[in-house]
Amino acid sequence: MTLILDDQAVIAQLLKHIENGTTDEADSMWREPVSNYTSNKRLIKERESVLKRWPVVFCPSVALPEPGSYLAREAAGAPLLATRDKEGVVRVFKNACRHRGMQVAENSGRKNTFVCPYHGWTYRLDGELIQIPHEAGFPDVDKSCNGLVAVEAREQDGLIYVVQDPTPNCWDALNEIPKLINDDQFVLNESEYIVDANWKIFAESSLEGYHIKATHRETFYPYGYDNINLVELFGRNGRITFPFRRIEKLATIPQDEWRIDGRVTQVSNLFPNVLVATLSHFTNVVVLEPITEGKTLARTWTLSNRGADDTPEAKAEIQRDQDFNALGLREDQDMVESIQRGLASDANSHLTFGKYEKLISHLHRNLQEVLSTESIDEKP
Ligand code: FES
Ligand SMILES: [Fe+2]
């Protein structure tokens with residue numbers, strides 16, 4: 001099934017937009033209630049009904065490069081541990097010892113077993129409990145049914161997804177996600193930073209090109225365009241393509257010589273809170289993990305698009321690309337945090353998204369749809 005346009009078709013559509021001064025548009029505007037960015041009740045609902053019930057990216061496959069690799073982090077407020085077992089199969093567990101609940105691993109690395117730091121209960125990569133120190137004191141504990149608690153996980157096209165609270169057919173959503181990561185990528189670096197804003201405001205900053213001139217006047221705008229984008233929707237997900245001015249050169253050469261590398265930035269929103277941004281030399285996989293309704297942890301894996309090319313020249317080029325992108329992201333972060341602070345003014349009952357902000361409307365419409373079809377018990 002074709003979910004997204006191939007590179008040639010993307011270029012053709014962008015050249016048309018550039019020639020005509022047009023951009024992709026939504027059918028209508030969208031108004032999102034401000035309370036959806038400020039309410040703790042709403043965040044709890046998003047966690048319980050969407051972030052835990054939908055296949056959400058936990059990390060890129062290359063974050064677990066070999067048998068024994070592991071990665072521990074919180075997802076939707078719950079500590080999880082992902083491992084790649086001896087056979088290369090990815091497994092995800094609740095990161096909680098079956099004795100008294102201590103987290104058995106932190107951060108990432110490579111191990112053959114996880115020894116709980118509190119009293120030393122020991123688990124294999126497949127989660128099985130294999131050792132209890134002074135076991136005689138636990139006559140009623142059957143090791144064979146006290147392994148780490150598994151969470152449903154799947155690996156597809158270079159990304160590892162988890163569903164913490166599965167519903168029937170929830171994994172069907174993966175059929176709607178195209179391959180976005182090349183096979184030969186590897187992790188250049190990992191980073192995380194906290195943004196003082198709701199996770200959706202952060203996501204919105206990457207999903208439209210209407211702000212390029214005003215926000216990125218001296219960074220992206222000199223190389224790109226204001227409000228000229230291609231927006232593709234696939235399932236509850238979508239992709240926006242931002243062209244660089246140098247794409248115009250392609251109009252003068254035969255179509256079979258068109259190459260997209262270096263001529264666009266593409267950002268895919270994998271519903272709901274994951275962004276896959278492909279730039280010239282690297283791809284960022286960014287998980288926007290809400291900490292509170294007004295605070296988000298942006299966890300980023302930067303993958304090299306250049307395969308095994310690790311010459312000093314290639315590295316310098318990637319670094320330049322990364323530094324440049326970081327300048328633009330800093331500008332976005334300032335906007336995003338200012339918006340969140342501004343919400344406290346009560347000036348707006350809703351935030352308004354125009355027809356040029358199509359991918360954002362798509363995200364909100366889908367969130368609303370999923371939330372309204374899920375019924376959860378209100379937490380006290
Ligand atoms: S809490 Fe893990 S061994 Fe005691
Ligand atoms: Fe931006």
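User: What makes β15 stand out in the lining of the second largest pocket?

Analyst: β15 gives the most to that lining, with three residues. This is a predicted model, by the way. β15 and β16 are the elements that give two or more residues to the lining of the second largest pocket.

User: Which residues lie closest to the centre of the second largest pocket, and how many line it?

Analyst: The lining has 22 residues, and N182, I260, D261, Q266 and T278 are the closest to the centre. The pocket holds about 470 Å³ of space.

User: How do you know how many of those lining residues are charged?

Analyst: Asp, Glu, Lys and Arg count as charged. Sorted that way, the lining of the second largest pocket comes out as five charged, 10 polar and seven nonpolar.

User: What about the largest pocket: what volume does it have, and which element gives the largest share of its lining?

Analyst: Its volume is about 980 Å³. Its lining takes in 44 residues, with F220, L279, N325, A326 and L329 nearest the centre. The largest share is from α6, at 11 residues. By type, the lining of the largest pocket splits into 19 nonpolar, 18 polar and seven charged.

User: How do you know which strands β11 pairs with?

Analyst: Two strands pair if there are at least two bridges between them. β2 (residues 56–60) and β11 share four bridges, and β10 (residues 150–156) and β11 share five, so both pairs pass. Both pairings are antiparallel. As examples, C59 stands opposite I160, and R154 has Y161 as its bridge partner. In the hairpin of β10 and β11, with two residues between the strands, D157 takes a positive phi near 50°.

User: Why are β2 and β6 said to stand at the edges of the sheet?

Analyst: The open sheet has seven strands in the order β2-β11-β10-β5-β4-β3-β6, paired antiparallel. β2 and β6 (108–110) each have a single partner strand, so one side of each lacks a neighbour in the sheet. From one strand to the next, the twist averages 25°.

User: What makes β3 and β6 a pair?

Analyst: The cut-off is at least two bridges. β3 (residues 69–75) and β6 run antiparallel with three bridges, so they count as a pair. There, S69 has R110 in β6 as its bridge partner.

How values were computed
Residues numbered from 1 in each chain as written. Chains lettered and ligands numbered in written order. Predicted model: local features only at pLDDT ≥ 70, side-chain atom pairs only at ≥ 80, totals over all residues. Heavy atoms only, no water. Axes fitted to C-alpha atoms, helices over the stretch in contact; angles between N-to-C directions. 1 Å grid on protein atoms, 1.4 Å probe; cavity = no way out; pocket = protein on both sides within 12 Å on 5 of 7 lines; lining within 4 Å. Points joined across faces, edges and corners; volume = space filled by probe spheres on them.
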